[in-house]
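Please examine the sequence and the three-dimensional structure shown below. The paragraphs that follow lead through selected parts in turn.

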Amino acid sequence: SLTINKGAVEFKNVSFHYPESDVPVLRNLSFSVKPGETLAILGSTGSGKTSLFQLVPRLYDVTEGEVLVDGKNVMNYPIEKLRKGIGVVPQEAVLFTGSITENIGWGKEDATSDEIISAAVDAQIHETVEKLPNQYDTRVGQRGVNLSGGQKQRLSIARALVRKPKILMLDDSTSALDLKTEGKLLKALRTYSCTTFIITQKISTAMEADHILLLDDGAVEAWGTHEELLNTSPLYVKIVQS
Ligand code: M5T
Ligand code: MG
């Protein structure tokens, strides 16, 4: 049966509203991202960035149009195969009570200790873990050690990386990282050669991407590279200057 091979993603005339409301949240989105490319998604709060993300692993289904992965409608994949190939790092990192190893390996119980460490190194959290009282056996979450927002984000990224996803989706997951750490993280991500969607507020992050999608009130306000957007989108120029 179908599995994700390459990680190409295409949105074809996608519109979306949540089941409990008629208000459109995404309007007629069309764009495509080739395997291994990075797409940065920008847009003000409430513009629909998180909603767009949710349509790829089918946390919600489109109301109109199609989301295609490797040229096939996501509706045609067995959902567990689809989700297995997609690493989603949610806007709010979710840790549970358990060890660091268990938190990183969650959903991939056959992960070896080497794989866990390697994901932690790439997610730029390994050095922090080494300094904890029991390193990878340290308990986090309720009744465990307290981690900072940025540390939780990086653990959550390590959890996605250990599964070696074909498509990686980061929902503002580097917001609490300083530029130097974020730079190292993005460099490490390139070695995974996965298609990467990265929601960000930072122009410096967006500039590194192959494409930038600027969302405004659920619609594509602009699409292109940093240079292209500087020339075509007054809204983008405004964000750059702010
Ligand atoms: C877009 C509504 C939200 C807003 C619009 C996640 C979610 C959102 N919404 C719901 O009704 N139910 C939901 O479960 O959809 O919201 P978004 O996609 O969350 O926007 P964003 O990610 O660009 O915003 P932010 O603040 O994360 O930058 O009308 O009420
Ligand atoms: Mg959001």
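F16 and Y18 are both buried, a term for residues under 20% relative accessible area, with exposed meaning over 50% and partly exposed in between (1.4 Å probe, protein chains only). This is a predicted model, in which local features need pLDDT of at least 70 and side-chain atom pairs count only at pLDDT 80 or more, while totals for chains, interfaces and linings use all residues. Residues are numbered from 1 along each chain as its sequence is written, chains are lettered from A and ligands numbered from 1 in the order in which they are written, and side-chain values use heavy atoms, without hydrogens and water.

The structure holds eight aromatic pairs. In one of them, the ring centres of F16 and Y18 are 4.8 Å apart and the planes stand at 75 degrees, so this pair is edge-to-face. Rings of Phe, Tyr and Trp (its six-membered ring) pair if their centres lie within 6.5 Å; planes under 30 degrees apart count as stacked, over 60 as edge-to-face and the rest as tilted. One aromatic cluster is formed by F11, F31, F53, F197 and W223.

F16 also has a bridge partner, L26 in β2. Strand β1 (residues 9-16) pairs with β2 in the antiparallel sense over five bridges; strands pair if DSSP finds at least two bridges between them. Helices (H or I, at least four residues) and strands (E, at least two) are DSSP runs, numbered from the N terminus. An open sheet of four strands has the order β2-β1-β4-β5, with antiparallel pairing. At its edges stand β2 (26-33) and β5 (72-73), each with a single partner strand, so one side of each is left without a neighbour in the sheet.

In the loop between β4 (64-69) and β5 lies D70. D70 has a positive phi of about 50 degrees, although it is not a glycine, and counts as buried at 18% relative accessibility.

The magnesium ion (ligand 2) has T50 (OG1) and Q91 (OE1) as its protein donors, 2.0 to 2.4 Å from it. T50 lies in helix α1 (residues 49-54) and Q91 in the loop between β6 (86-89) and β7 (98-99), so the pair ties together parts that are 41 residues apart in sequence. Donors are N, O and S atoms within 2.8 Å of the metal (3.2 Å for Na, K and Ca); water is not among the atoms, so sites may look incomplete. T50 is partly exposed, at 28% relative accessible area, and Q91 is partly exposed at 42%.
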